[in-house]
Amino acid sequence: MIANPAGLPAVRDWDFEVVSSIPRGAGGFLFDGVAVGKRLFDRHAFAVQYSPATELDFVLPSSVRFSGIDFSTDRTITYKEPLAISYGVQLTKELSVGIGGRMRTESVSEPQIQFVDTSVTTAPNEDKRTSWFVDVGLNWQPSRFFTLSGLARGIPIIPGGHLSPDFMQYELSQAISYEGGIMVHATPSLHFGLSGSTVGTGAFGVEWSPVHDVSVRGTLYADKDESPFIDAAGIGAGWAYGPLELEMSYVRFTNQTNRTGRILASALEHAEIHTIGMSPFAPDRISMGLKVSLGNIRVQTIRIVGVDMSGPIYPAAFQTFAYRPLGKVRLRNVSNTTIEAKSSFFIDQLMDRPTESAKVVLEPGEETDIPLFAVFNDRIEHVQSASVRDGTVVVSASPMGSDDERSQTRVVIRGRNDWDGRAESLRFFVKPEDPEVLKTTRDILLTQRAVFDNFPPALALFEKARVLFDAFSGKLVYVNDPKLSADFVQYPDETLRLRGGDCDDFTVCFTSLLASIGVSTAFVDVVPPDHPDQSHIYLMFDSGVDPRYADQISMNPKRYVIRKDRSGKQTVWIPVETTATSKGFEEAWSLGAQEYYDDAEVKLGLTKGWVHVVDTE
Amino acid sequence: MKFFSIIGAMVAFAGITAAQGISVQKIQGDVQVRHGVTEQWSAIAAGDVLKPDDSMRTGRNGLAVILAMKSGVEKRITLPSEVIVDMADVRDLTPEELMLKLTMERVRSSPYKSPEELSAPNAGVVHGANETPGPALPENDPAAGTMQWNGARVLFENGFYPTCALKGMELYRLYPETARKYTNRILVAQSLERANLRGEALSEYNTILGLDGLTQAEQSTVRQEINKLQTH
């Protein structure tokens, strides 16, 4: 059961094992023992083993016999190791160490004949020594191709004194022995092992798993004190099904002398018994073990190293997170096989279901980052103010296919009106399809329908834009953002309802109005290099007019900008200072054109990078 | 954009920024000024100081002399008759600034779009476009175009090659017919060449070879320029 305590961290969670055997000459199964193991705090494991059958009994017949008297004065020698406790810890991915304690009892009993008056009785004459030993072991796997192990066995911590002088010759040695071994993992299903000890014993074994959950093994045991040197051979097979593991094995000793149950006393006195199970007197046996793994019966293959969120989530841009990562999870393959892993991310109430990322392949021990995406539902648009929510990251790895690891992280969801200050993000506030926007534009244009009849269709967009802007002349108020807010942007329906706002509110609102009637727009984002705190944003719209007809818009080329539309065709674009809209279109146009000419052309802001034109489509 | 920003920072204080005023030394005949983005032309007098966003126009009998900075030195520039010049063009631009402006004209600024971003259709739909043909719009006043080309030549003759080239390209768009005229295209090509933009100049010369109606002499001139650029 528990050989090297350093192997204990392999316990999954709760492991129960029962072993029984049929020693040669026995009439049936004998209960060998039971062991219970428990994994704690991910890296630690404890085990307790009770093995009453780990016992050697010798009966030396008395040389004196009394006929007609029913008692025995035979000498009985018993060696037992019924109890063991162990602790192991996985220090690193490659190294585990363990320490175990074993109790051993050595008892000798030889009843003494007593004559009392005319009767003959026996008086007990026995001695017992109980000792505790410690075994210290380590397992080190520096490579996925081999594992080294070492064990110091039998360090006496409670020697238990000595037997009485009459029985001292039956004391077992308390010398410490040292064992070392190497296991070669030729393939994930084929392993070779070789071990040796300072007491002259060793073993060579092979384990092969022809199919998943089935293994066969063969072992040769050696002892320098035995003749022949290879003193035993064993074969075994194991089969696992879910939490159950069934093991069967057969050990056959090459030298059957002293293993039949009858030995010479001198053989006992001169024998070196290092381990009770593999002593020179142990018989051939068939063993069967049944192990049940309860609790967390899955072997962990993937581990979450960490979760990193890119930053707060702005509800206005929620749709982008379906294809632009909002964070990443770092994963590590903690198994010995190549796995396929995928992750999913979920925020309760703001998402209908977890959003999965693409699968990645990880080699044993490999770490990688998987991006996290999120498909939010409409509820995120109603988040009024910044809040901290729990984001759940779940990672699964094949071949199990079920959830292997999950982690929770904190996610900051900004308010629906919060803006990160980037012109590229402002376009997510543009809502040309908003019912309030659509109604406003249709109502305004309907009242001015007759005006458009006087203009050529080629100028229709320009004139409609003029009408829309003029409709708000004198009806809008410039208002700064609320105090203590991050940059606060109103949605167009809010600006229409409030009839007030700052430059980004008006820009978003008029962009939405224009876009709702099919006019292309662009933001002009100005961040003065010497006064970045005085950044400003306004808009320009596409009149749709070919530059060769630009005189119909204005005789002064500084009042417009020639740039390509979405299809690559060059058209005349009109800059408009949206905060001046309340003064009418002409005033807003003049101010916008002047701003653009000064900043973009005269001061070369566009080429120097502090003026950006961001198309809203 | 990072490249542009770095170049922009390097040339932030290079050359004339046109922030300095341009003084009017002499006025003769019909000379007017248009301030900023206003539509009206107004009178001007000697001694006035023009701002970078002003434009100057000389009539049929007009003539003006202005004093501007060129390569850090004051330069008298004569505007003959029938010329329109923007004061923002009376300045030096480095080859890098010219290259950036040419590039910006070619690249349409676009919003952030990652390679994985889905291309979802937006509300700017195509369906329902007004198909009513309507009366054609009149093209821009060719006389104004001629005066602006004359202004471009003033820039060239006074060594403002980068702004001359940029003005020419702007005039191609406003007055497409002028883009088919040999003298105009040669002016732009030579401006690019003298602004040390050989590749751009070569491209312009090759375009000229494709114009209809070139004389033998004109073709020969262009081929010589091409050979000269290619061998250097």
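Two strands pair if DSSP finds at least two bridges between them. Strands here are DSSP runs of E with at least two residues, helices are runs of H or I with at least four, and both are numbered from the N terminus. The structure is a predicted model, in which local features need pLDDT of at least 70 and side-chain atom pairs count only at pLDDT 80 or more, while totals for chains, interfaces and linings use all residues. Residues are numbered from 1 along each chain as its sequence is written, and chains are lettered from A and ligands numbered from 1 in the order in which they are written.

Chain B has seven helices and eight strands. Start with strand β5(B), residues 55–58. Four bridges join β5(B) to strand β2 of chain B (residues 31–34), and the two run antiparallel. In this pairing Gln32(B) stands opposite Arg57(B). Strand β8 of chain B (residues 83–86) is also joined to β5(B) by four bridges, again antiparallel. Here Thr58(B) is opposite Val83(B).

Which residues of β5(B) point one way, and which the other? Ser55(B) and Arg57(B) point one way, Met56(B) and Thr58(B) the other way, and all are buried. A residue is buried if 20 or more other C-beta atoms, placed from the backbone, lie within 10 Å of its own, exposed if 12 or fewer, and partly exposed in between. Of the 232 residues of chain B, 31% count as buried.

Next come two helices of chain B. Two packed helices are described by the angle between their axes and the distance between the axes. The axes of α6(B), residues 198–209, and α7(B), residues 216–231, come within 10 Å and cross at roughly 155°. Axes are lines fitted to C-alpha atoms, for helices over the stretch in contact, and angles run from 0 to 180 degrees between N-to-C directions. The helices α6(B) and α7(B) are therefore roughly antiparallel to each other, a term for angles over 145 degrees. Residues in contact have C-beta atoms, placed from the backbone, within 7 Å. Among those of α6(B) that meet α7(B) are Leu202(B) and Tyr205(B), and the α7(B) side includes Val222(B) and Ile226(B).

Finally, look at two loops. Ser71(B), in the loop between β6 (63–70) and β7 (73–79) of chain B, has a positive phi of about 55° although it is not a glycine. Ser71(B) counts as exposed because it has 9 C-beta neighbours inside 10 Å. In chain A, Gln349(A) is found in the loop between β20 (339–347) and β21 (355–356). Gln349(A) is not a glycine either, yet has a positive phi of about 75°.

Terms used: Angles under 35 degrees count as roughly parallel, over 145 as roughly antiparallel, 65 to 115 as roughly perpendicular and the rest as oblique. Two residues are in contact if their C-beta atoms, placed from the backbone, lie within 7 Å.
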